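Trainee: I have a structure open and would like to learn how to read its features one by one. Could we go through it together?

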Amino acid sequence: MTRWIATGLRTGIKTTRFPAPAGLGDDGAPSAVACHWRRLTPATALAAAALCPTTAITATGSATSGELHFDLGACVLCGRCVREFPQVFAPVPDPRVAVRERGRLALHLRWDPGHPPAPAPLAQAAAVVRARAARLFRRSLHIRHVDAGSCNGCESELQMLSTPYVDLHRLGIFFTPTPRHADVLLVTGVVTRNMEAALRATYAAMPSPKLVLAAGVCAVGGGSFAGGPMTQGPLDRCLPVDVYIPGCPPTPQALLHGLLLAMERAEDVPSPGTEGDDGP
Amino acid sequence: MSSSLRALAEAAGLRPVPVADDELHAHCPEEEFTDRVAALAGPGVLADLFATTAIHRQARLTAVLQLPGDVSWLVVDTTLRGGAFQSLTPAVHAASWYEREIREMHGLEPTGHPAPAPLRLHAWPAGPPPMGTGDPVAHVAPMLSPPVARPTIEGQGIFQLPLGPVRSGPQEAAAFVFTSGGEDLVMVSLRLGYKFRAVERMAEGLPADRALLLAERLAGTSAFANALAFARAVERAAGVTVSPAAERTRTCLAELERVRSHFATLARLADATGLLVAGAQYGLLVEELLRAAAALTGHRYLRGSLRIGGIDASCDGPARRRLQGLVAGWARRAAGLRSLLGETSIFQDRLETTAVLEPSYADLHNLVGPSGRASGADRDSRRDHPYAAYAAARFAVPVHHGGDAAARLQVHLEEIEASLGILTQLLDGWPEAGEPVAPPQLQEGVALGWAEAPGGEALALVELDAGGRVRRWRARPPAAVNWHPFAHACRSGNNLTDFPVIEASFGLSHAEFDR
Ligand code: SF4
Ligand code: SF4
C-alpha cells in the first residue's frame, strides 16, 4: 500500500486549469466547428450543405442568393466541412461551447443579390425563459446522470471528469446515486423509446428546484440518430432543458463548462462556433 | 490442411463459392439450412446468425461460420418462404440469443426454440417488429407473446434487489435484478436493450460513407474497430483495394484504441476494488491516450479518421517521434503498475475465483475477446484472419484458463503490452504522410468485414446496391456475443458486493449490445 501512496505522490498535480491555456484546448480536440460566414458564398453554402451528413448545415437558394442555417446542436464534428472548405469552417479549440438557449447554437444567414451576407435574427418565439434556479447551486452541485440512449462515448468523457486531469470534486461537483439528492439531471444520448419512462421517472423524483443538462449532440438535437424509428428525439421534446452542451462527445472541458454554466460560475456567451468572427 | 472449412462445407452438402481468398458464400434451401449449419457448427464456430427483411422481398436467414486453423469465413444463407424457421438452438446453444433477436426484431418465429422470450424489447407495445419488413401485412408472427416467466428462486431469507436502468455513476443504462440470500448472489437477471436505437436500420438506404458515421457511433469506446469492420465489409463488397500505407495507419489507430480501452477497463476494475490510486493512475493513462488520438486525428475517439478505401490521418516526422516517445513511456508505466498490482494482495484476493466462466461454458457460447481468452478460448481475428497490417506484426495472443476476474485482468495486462509492442514495430514504418484518397466508385455486392475490437471480434456483413448505398448492414460487435454467459458467471459463489468487480472485469459495452 505504501508503494501505491508513493506512486500517487510521485505523479504530482495533473489537474488542468480551466479554461485551458490559450491556443489549442489542452486536450487537443476541437469542441465545435466555427462557421466564418463572411467568407461564405451562397454556392459554397449549398455545397457544404450537401456534404454535411447531419442537419448542421442546411442551405437553400441559388449561386447568388439564398439562406444558410448552421446549427452546432446538430454537428457531430465529423470534420468533413473543415476538410473541404477550410477557409469557411474551422475547428474551435475553445471548450466554452455550452449555452442556455438552444437558439444560441445556431446561426442563420441570408444573401440578397448585391448585398453582403447578413445574419438574420433567429426566431426565438419558443424560447421560454425559465426561472433561474442556478444561484442556489453556486457552491456545490449534485448530478444525477441518465443515459437515455448514448453510444457510450459521452459516458466515457463523463468518467474522465473524475480523473486527476479534471478532478470535478475540487469544484464541489459530485455524481449522486439517488435522485432525491440531485440538483442537476445530466442526460446523454438520444432519448430511446425504451428509456423514456425511466428518464421521466428520474426527473419526477428529483426535488425542486432542479436543472436539466443535455450533454452531447444526441441529447441536444438528436445527433446522428435524429428521426430514428426507435427514438423519441432530442431531450427537450421530453423535459425542459436548461443547458445544452454540443459535441460528439463533448470533451471533458466542454462538459465542465456546461456544469459551471449551470451553476452560474461561467458566463453565458454565444457558442464560439456561431459568433461569426472573421476566422482563421 | 487436412480439413478445411471448404471441405467441411462440401461434406455438409453445401456448394461454397469463394468471393475472396478468405470468404466463401453458400446458399441452401430452407429445409436444409438448420441441419447444415448445425453440422458445421460442431467442428466450427457459429460466429453470427441473423435475418434480413425488407419490403416486398422474402426474408432471409444468414449464418456466419469459421473453423479454428482456417483463415476463411463461410457465409451460408437461405430464403424463407413463410414467417417461421426451424430453430438451431436445440443443437447449437450459441444460436439462442441470435434467434430471440430475429424473433423480436424481424417477427420470424424460431420453431422449437426452448425459450424465445424478447431480448431487448421488454417494454415494447404490440406492433410491427422494429427491424421487420415495414409492411404490416407481411409480418406473420405476433410481435410479442407474453414474456416467458423469469426463473424465480424462493426460500427463507431470499430477496430480490433491482438495479438500474439509471445507474449510480456516469454509466450506461441497463438493469439487473439480483436474487440474494443475505450476502451471496444467488442469481442475476439481466435486462438489456434500453438503449436500442436501431442503428443498423437507420443505415439502410444511406450511401456507404454516410453509414460509416453511424458505424462510428455504434459504440464510442470501440468506435474505430466497429467502423473498421464496416468499412472493410464495404470495401470487400465493392472490390475496393486499400493501400498498404493506409492499412498500416489503420492498424496503429486500432491498437491505440485497444490500449486506451484496456486501460479504462483496468481503471474501473481498480476503482471497483477500492484501489483508488491505481484507478487514478490508469485514468491518467486513458486521458493521455485520448489526447494522443486527438493530436493524430483531431478526434479523441478517432472518429472521422476512417474513409471508405483508406484513412485520413497521417503521422509525419515530428508527430511520429512524439508518439514513439509516448508509447515507450506508456509501456514503462504500464509495466510498473502491473508489478504493483501483482504485489497488492487485497486486490488480487477480490479477483480470484470471482465470476468464474469455465472454459467449457466459453466454448458453448463461442466467447470472443479478452473474456474468451481468459477462459481458454484461443481466438483472435488479428491472428486467425489477418487483416490490415497485422500479418506484418509480431504479437502474442495471451490465453489463460482460470476464467475468473483475475484471469481477465491478466489477459488485459498482457494484451496492453502486446499492443504497445505492435505500435512500436509499426510506427517505424509509418509513412511520412497519408495520401489523400479519392472516394472510390462503389458497386453492388455482399461481403463480410471484421476487426478485433478491444472487447473481441467485431463482425459486419454489408450488402450494397448498385449505387453504393447500404441495403443491409448487420453489425455483430463483441458485446453481442459476450453478454450471453454473463449471468451464468455471476452465479459462481459471489457476494452482492462483488458485482461492481464482476461488471468491470468483463468490461462489456451496452451500446454495442443494444445497438
Ligand atoms: S463537422 Fe459538423 S457541420 Fe461540418 S460537416 Fe460534419 S456535422 Fe456538418
Ligand atoms: S453525442 Fe456522440 S458521443 Fe455522445 S452519445 Fe451521441 S453519438 Fe455518442
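Trainee: Where is A:Pro249 in chain A?

Mentor: This is a predicted model. In it, A:Pro249 sits in the loop between β13 (243-245) and α7 (252-262) of chain A.

Trainee: What kind of peptide bond joins A:Cys248 and A:Pro249?

Mentor: Start with the general idea: most peptide bonds are trans, and most residues other than glycine have a negative phi. The bond joining A:Cys248 and A:Pro249 is cis, with omega at about -10°. A cis bond also joins A:Ser208 and A:Pro209, where omega is about -5°. A:Pro209 belongs to the loop between α5 (196-205) and β11 (211-215) of chain A.

Trainee: What is the phi of B:Ala198?

Mentor: B:Ala198 is not a glycine, yet its phi is positive, about 60°. This residue lies in the loop between β10 and α4 of chain B.

Trainee: Let us turn to the ligands. Which residues are around ligand 2?

Mentor: A:Cys248 and A:Pro249, the pair with the cis bond, are both in that shell. From chain A there are also A:Ser150, A:Cys151, A:Gly153, A:Cys154, A:Gly216, A:Val217, A:Cys218 and A:Gly247. Chain B contributes B:Arg217 and B:Arg303. Two helices of chain A, α4 (153-160) and α6 (217-221), each supply at least two residues of the shell. Sorted by class, the shell holds six nonpolar, four polar and two charged residues.

Trainee: How many charged residues are in the shell around ligand 1?

Mentor: There are no charged residues in that shell; it has 10 nonpolar and two polar ones. Its residues include A:Cys52, A:Cys75, A:Cys78 and A:Cys81, together with A:Val33, A:Ile57 and A:Leu77. A:Thr54 and A:Gly79 are also among them.

Trainee: Next, the interface of the two chains. How much area is buried between chain B and chain A?

Mentor: The size of an interface is often given as the accessible area lost when the parts come together. Between chain B and chain A that area is about 5000 Å², and carbon and sulfur atoms give 61% of it. B:Val166, B:Pro170 and B:Arg197 supply 13% of the area that chain B buries against chain A, more than any other three residues. Counted by residues, 62 of chain B are in contact with 60 of chain A.

Trainee: How many salt bridges are there between chain B and chain A?

Mentor: Side chains of opposite charge can pair when their charged atoms come close. Between chain B and chain A the count is four salt bridges. One salt bridge has A:Arg80 and B:Asp209 as partners, at 3.6 Å from N to O. The two chains also have 27 residue pairs in polar contact.

Trainee: Which element gives the largest share of the side of chain B that touches chain A?

Mentor: Four helices of chain B, namely α4 (199-203), α5 (208-216), α8 (276-297) and α9 (317-343), each supply at least two residues of that side. The largest share, 12 residues, comes from α8(B). By class, this side of chain B has 30 nonpolar, 14 polar and 18 charged residues.

Trainee: How many salt bridges are found over all chains?

Mentor: A search of the whole structure gives 45. In chain A, the side chains of A:Asp71 and A:Arg102 meet in a salt bridge at 2.8 Å, N to O. This pair links distant parts of the chain, 31 residues apart: A:Asp71 is in strand β3 (residues 66-71), and A:Arg102 is in the loop between β4 (89-92) and β5 (106-111) of chain A.

Technical notes:
Residues numbered from 1 in each chain as written. Chains lettered and ligands numbered in written order. Predicted model: local features only at pLDDT ≥ 70, side-chain atom pairs only at ≥ 80, totals over all residues. Heavy atoms only, no water. Near = heavy atom within 4 Å. Nonpolar A, V, L, I, M, F, W, Y, C, P; charged D, E, K, R; others polar. Contact = heavy atoms within 4.5 Å. Buried area = accessible area lost by both parts, 1.4 Å probe. Polar contact = N/O pair within 3.5 Å; in protein donor to acceptor, adjacent residues only side chain to side chain.
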